[in-house]
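Hi everyone, thanks for coming. Today I'd like to walk you through the inside of a protein model and then the place where its chains meet. Please have the picture up on your screen.

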2 protein chains.
Amino acid sequence: MATLIIGATGGIGGALARGWPEEALWLSGRDTERLDALAAELKATPLRADLGYESHIKGMFGGLSLPLDTLVYAAGSAYPEPLNAATPEAVRSVWNANYFGALWTLKYGLAALAEGGRMYFIGARPELVTARGFSQYAASKGALAKLLEVARIEARGKVLTLVLPPAVETPLWTQVGRAPKGAISAEAVAGAIVADRRGAGQPELRVA
Amino acid sequence: MATLIIGATGGIGGALARGWPEEALWLSGRDTERLDALAAELKATPLRADLGYESHIKGMFGGLSLPLDTLVYAAGSAYPEPLNAATPEAVRSVWNANYFGALWTLKYGLAALAEGGRMYFIGARPELVTARGFSQYAASKGALAKLLEVARIEARGKVLTLVLPPAVETPLWTQVGRAPKGAISAEAVAGAIVADRRGAGQPELRVA
């Protein structure tokens, strides 16, 4: 069974990579040093990619030697800013990680799935992220959910699962200060995805 | 009363510009020739801007000589493509018109509103646009709705109205073929906005 984890150097991606039961594992991330270290630790294959570039994502899929049984898109960025102080750099960072990278992953990744293969995308619960400063995070995660709805229509028969955790204890919160009270661990989210992969597949996976 | 219509050379924007009852009217669009002709016809002031650039939108607001009583964001783009053939050019065009231009308009436009001023943004009904080929249109209009939700939290007291028409007979459909059956006229949408502007203001304006 072959698996690709995108955003593997992040909190949820890293927990998934460490907890993943498969043997053929490809890991993608932007930070070469951390990616290579993680891949060496797990005897996985690193595939460096900056999700802001379609060409990088195309190249990433070109680096696979097997059809994928599972793909997990775990890249994400928040960079909260009030709208009256929004900057193109932070806006671009959030949208590339949360949305555009997922779009190009669908473009090239659907064709790279094995028969019965599955994709997981980490979303966000709208009721938790519609908050001051989080306009780009909330809008990009909402856009991701809508993107998957249309992708399911176009790629009928493929199981594309939107994972909806509550707040998760990850380094992403260092952009904000610290994780909110009641945040669950990245390992709990990873465990829920591993468990779901053994089941029949569903469009939405709500993690408690 | 001062009004700015963004996307004035489009179908809904043009109908609005022609039907708008105010005297001080600024019109923004990307196509200089059409914008200048429309502004001359209506004795309005043209403010050329490409909505893909924050700097253009900042400059557009710098060109106003009065606080705005009404701003209408009527720019929009569809360019339908299946996900497996999505191109960065079409994706960028849709997102700049439907979402990022609106983001920079909020950044600079909220401060340019007069006391009691209002903003209108043309959205789309999710149930009508969640369709094969329309992933970027559906996702960007969904993101716009979410953006306005957070903007209302951050700019408490400002009335930001999301206009939800059914399909509208506009040149946007030339990107697709032709407008769907039952599409209403751009003038009907413009008339609904003009009528709503006289009322107390609401977060959502559903046009029949």
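Predicted model: local features only at pLDDT ≥ 70, side-chain atom pairs only at ≥ 80, totals over all residues.

Which residues line the second largest cavity? They are B:A78, B:Y79, B:P80, B:E81, B:A86, B:G133, B:S135 and B:Q136. The volume of this second largest cavity is about 30 Å³.

How do we look for such spaces? Rolling a probe the size of a water molecule over the atoms shows where empty space is left. A search through the whole structure turns up 2 cavities of 30 Å³ or more.

So much for that one; now the other. The largest cavity has a volume of about 60 Å³. It is lined by 13 residues, and those closest to its centre are A:Y79, A:E81, A:G133, A:S135 and A:Q136. Two elements of chain A, α4 (88-109) and α6 (135-154), each give two or more residues to the lining of the largest cavity. By class, that lining divides into 9 nonpolar, 3 polar and 1 charged.

Let's move to the place where the chains touch. The size of an interface is often given as the accessible area lost when the parts come together. Here, chain B and chain A bury about 2900 Å² between them, and carbon and sulfur atoms give 67% of that area. In chain B, the residues that lose the most area to chain A are B:L83, B:R132 and B:E154, which together make up 23% of what that side buries. The contact takes in 36 residues from chain B and 36 residues from chain A.

What about polar links? Between chain B and chain A there are 12 residue pairs in polar contact, counting pairs with both residues at pLDDT 80 or more. The number of salt bridges between chain B and chain A is 0. On the side of chain B that touches chain A, α4 (88-109) and α6 (135-154) of chain B each contribute two or more residues. The largest share of that side, 12 residues, comes from α6(B). Sorted by class, the side of chain B that touches chain A has 22 nonpolar, 6 polar and 8 charged residues.

One last stop: salt bridges. Side chains of opposite charge can pair when their charged atoms come close. Over all chains, the count comes to 14 salt bridges. One of them joins A:R206 and A:E127, with the closest N and O atoms 3.5 Å apart. This pair links distant parts of the chain, 79 residues apart: A:R206 sits in strand β9 and A:E127 in helix α5, both of chain A.

Methods: Residues numbered from 1 in each chain as written. Chains lettered and ligands numbered in written order. Heavy atoms only, no water. 1 Å grid on protein atoms, 1.4 Å probe; cavity = no way out; pocket = protein on both sides within 12 Å on 5 of 7 lines; lining within 4 Å. Points joined across faces, edges and corners; volume = space filled by probe spheres on them. Helix = DSSP H or I, 4+ residues; strand = E, 2+ residues; numbered from the N terminus. Nonpolar A, V, L, I, M, F, W, Y, C, P; charged D, E, K, R; others polar. Contact = heavy atoms within 4.5 Å. Buried area = accessible area lost by both parts, 1.4 Å probe. Salt bridge = Lys/Arg side-chain N within 4 Å of Asp/Glu carboxyl O. Polar contact = N/O pair within 3.5 Å; in protein donor to acceptor, adjacent residues only side chain to side chain.
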